[in-house]
Amino acid sequence: MDCNRTEICGTITEIGSLRYSPAGVAVVELKIRHVSRQIEAGKPRQVECEVSAVALAQMAETVAGLVPGATVKLAGFLARKSRMSLQLALHVNRIDPI
């Protein structure tokens, strides 16, 4: 199955330091805080969450140039945070300022 696409809007709360993998690929981790009203089971619900994300290569360099507090729309796919982790993270393919 190829169905793994996620989009979320919110405020960046943390941006890690730009680092490089052993293969020389730029990597940066970030967190985004999302707040919205959604409809669930026919009823409105207030939703608040913090999502971990990771960006690689050119996208990592773009993210590293942002500052906490920036409001953005992230798009990408869900996968393990890293090869050795079971923790889920949004792997960012696109970031747009809002």
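A salt bridge is a side-chain nitrogen of Lys or Arg within 4 Å of a carboxyl oxygen of Asp or Glu, and the views below apply that criterion to a predicted model.

**View 1. The salt bridge between Glu-48 and Arg-33.** The side chains of Glu-48 and Arg-33 meet with a nitrogen-to-oxygen separation of 2.9 Å, forming a salt bridge. Because Glu-48 belongs to strand E4 and Arg-33 to strand E3, this pair ties together parts of the chain that are 15 residues apart in sequence. Arg-33 is partly exposed, its relative accessible area being 40%. A search of the whole structure finds six salt bridges.

**View 2. The network of Arg-19, Glu-29 and Lys-81.** Salt bridges link Arg-19, Glu-29 and Lys-81 in a network. Between Lys-81 and Glu-29 the closest N and O atoms are 3.6 Å apart; since Lys-81 lies in the loop between E5 and E6 and Glu-29 in strand E3, the pair ties together parts 52 residues apart in sequence. Arg-19 is partly exposed at 42% relative accessible area, as are Glu-29 at 30% and Lys-81 at 25%.

**View 3. The largest nonpolar core.** Of the 18 residues in this core, those touching the most other members are Ala-55, Val-72, Leu-74, Leu-90, Val-92 and Ile-95. Two or more residues come from each of strands E1, E3, E4, E5 and E6 and from helix H1 (57-64), with the largest share, four residues, supplied by E3. Leaving aside residues up to four places away in sequence, Leu-74 touches residues including Ile-8, Leu-30, Ile-32, Ala-53 and Val-92.

Note on methods
Residues are numbered from 1 along each chain as its sequence is written. This is a predicted model: local features need pLDDT of at least 70, side-chain atom pairs count only at pLDDT 80 or more; totals for chains, interfaces and linings use all residues. Side-chain values use heavy atoms; hydrogens and water are left out. A nonpolar core is a set of buried Ala, Val, Leu, Ile, Met, Phe, Trp, Tyr and Cys residues joined through side-chain atoms within 4.5 Å. Buried means under 20% relative accessible area, exposed over 50%, partly exposed in between (1.4 Å probe, protein chains only). Contact means heavy atoms within 4.5 Å.
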